[in-house]
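Please look over the sequence and the three-dimensional view before reading the points below.

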Amino acid sequence: MRLTTEQDNGIDVLSVDAPRIDSACAEALRDAARAEMAHGDLWLIDLSKVDFMDSSGIGTMVGLLKWMGHDRRMELCGLNPPVLQVFKLTRLDTVFTIHADVAAGHAAHHHGVAKAGR
Amino acid sequence: MSSENPERVGSAQFSVESSFQSVADLAEEVGDFCGSVVGEAVEQVVELRLCVAEALNNIVEHAYKGVEGKPIYAKIDVLSDRLEVVLIDEGMPLPGYTVPETEVDFDPTDLENLPEGGFGWMLIREQMDKVDYERRDGCNVLTLARHYGS
């Protein structure tokens, strides 16, 4: 598993480069993601390279969302069908903001910034 | 339900020692095997892989209480109308000798109280057509089956 981060226009993106997020790597992901996301008010999590996620992976995502708290945002991008399916089955798709891809995540927020600036 | 004499089109057996890494690999192998027989894009293969992963996680975490190196055995039968997996371990039995009827209920707006676990059995029950548990000769025997095709 490899995590990469980049910042663009005030939005931080964390990309998870791993084919699976499961019980074998969930804890390592949680710790590494917390270290990467220590600062920044808005994080987009790019999951487009992840083909499989089990309930421990989804638990990790919930844990990160709670850890971010009310003052910071974490949104998910690029969920492949098997991954999106787990969010739907657990109804956690109602908890997370989910974008089709990172570009859509950026677009959603830049639109918001433009509107707020008027 | 199932046809009376479904033809067996493939079968495989795996044996691993308990650890979160080995069961994650095993779940992927089960998915790959079923996919190689019926087609990896078949949605029931994706569902079965997830449910096998969840069931195996439960074995490592609860039946073996996180102890590594304990035996886990998996038998996969691909029949003409369904995928069937039998998982066997020598760990602690399921509480009450039955598959838990877990419903994870939560308020999506209540951030602090969102559940981070407990989804495993719910995912298995929601996706599998058959979930059968038996305690046999000191072993846990869990059978999962999912119909596929038209």
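Buried area is the accessible area, taken with a 1.4 Å probe, that two parts lose on being put together, summed over both. Between chain A and chain B this area is about 2,200 Å², and carbon and sulfur atoms give 60% of it. The model is predicted: local features need pLDDT of at least 70, side-chain atom pairs count only at pLDDT 80 or more, and totals for chains, interfaces and linings use all residues. Residues are numbered from 1 along each chain as its sequence is written, chains are lettered from A and ligands numbered from 1 in the order in which they are written, and side-chain values use heavy atoms, with hydrogens and water left out.

**The interface between the chains**

- Contact (heavy atoms within 4.5 Å) takes in 25 residues from chain A and 27 residues from chain B.
- A:Arg20, A:Lys66 and A:Leu89 supply 26% of the area that chain A buries against chain B, more than any other three residues.
- The two chains are joined by 4 salt bridges, a salt bridge being a side-chain nitrogen of Lys or Arg within 4 Å of a carboxyl oxygen of Asp or Glu.
- A:Arg20 forms a salt bridge with B:Asp25, and their closest N and O atoms are 2.8 Å apart.
- On the side of chain A that touches chain B, strand E5 (52–53), helix H2 (55–68) and helix H3 each supply at least two residues; helices (H or I, at least four residues) and strands (E, at least two) are DSSP runs, numbered from the N terminus.
- The largest share of that side, 8 residues, comes from H2 of chain A.

**Helix H3 of chain A and the residue that follows**

- The buried residues of H3 in chain A are A:Val83, A:Val86, A:Phe87 and A:Leu89; buried means under 20% relative accessible area, exposed over 50%, and partly exposed in between (1.4 Å probe, protein chains only).
- Their cover includes E5, H2 and strand E6 (73–77) of chain A, together with helix H2 (43–63) and H3 of chain B.
- Just after this helix, A:Arg91 takes a positive phi of about 65 degrees.
- A:Arg91 belongs to the loop between helix H3 (81–89) and strand E7 (98–99) of chain A, and is partly exposed, with a relative accessible area of 34%.

**A positive phi in chain B**

- Most residues other than glycine have a negative phi.
- B:Tyr97 has a positive phi of about 55 degrees although it is not a glycine.
- B:Tyr97 lies in the loop between strand E3 (82–89) and helix H3 (120–127) of chain B, and counts as exposed at 54% relative accessibility.

- B:Gln127 lies in helix H3 of chain B and is buried, with a relative accessible area of 6%.
- Leaving aside residues up to four places away in sequence, B:Gln127 touches A:Leu89, B:Glu47, B:Leu50, B:Cys51 and B:Arg146.

**Cysteines**

- A search of the whole structure finds 0 disulfides over all chains, a disulfide being a pair of cysteine sulfur atoms within 2.5 Å.
- The sulfur of A:Cys25 is 19 Å from the closest cysteine sulfur, in B:Cys51, and this is too far for a bond; A:Cys25 is buried, at 14% relative accessibility.
- For B:Cys34, the closest cysteine sulfur is in B:Cys51, at 12 Å, again too far for a bond; B:Cys34 is buried, with a relative accessible area of 1%.
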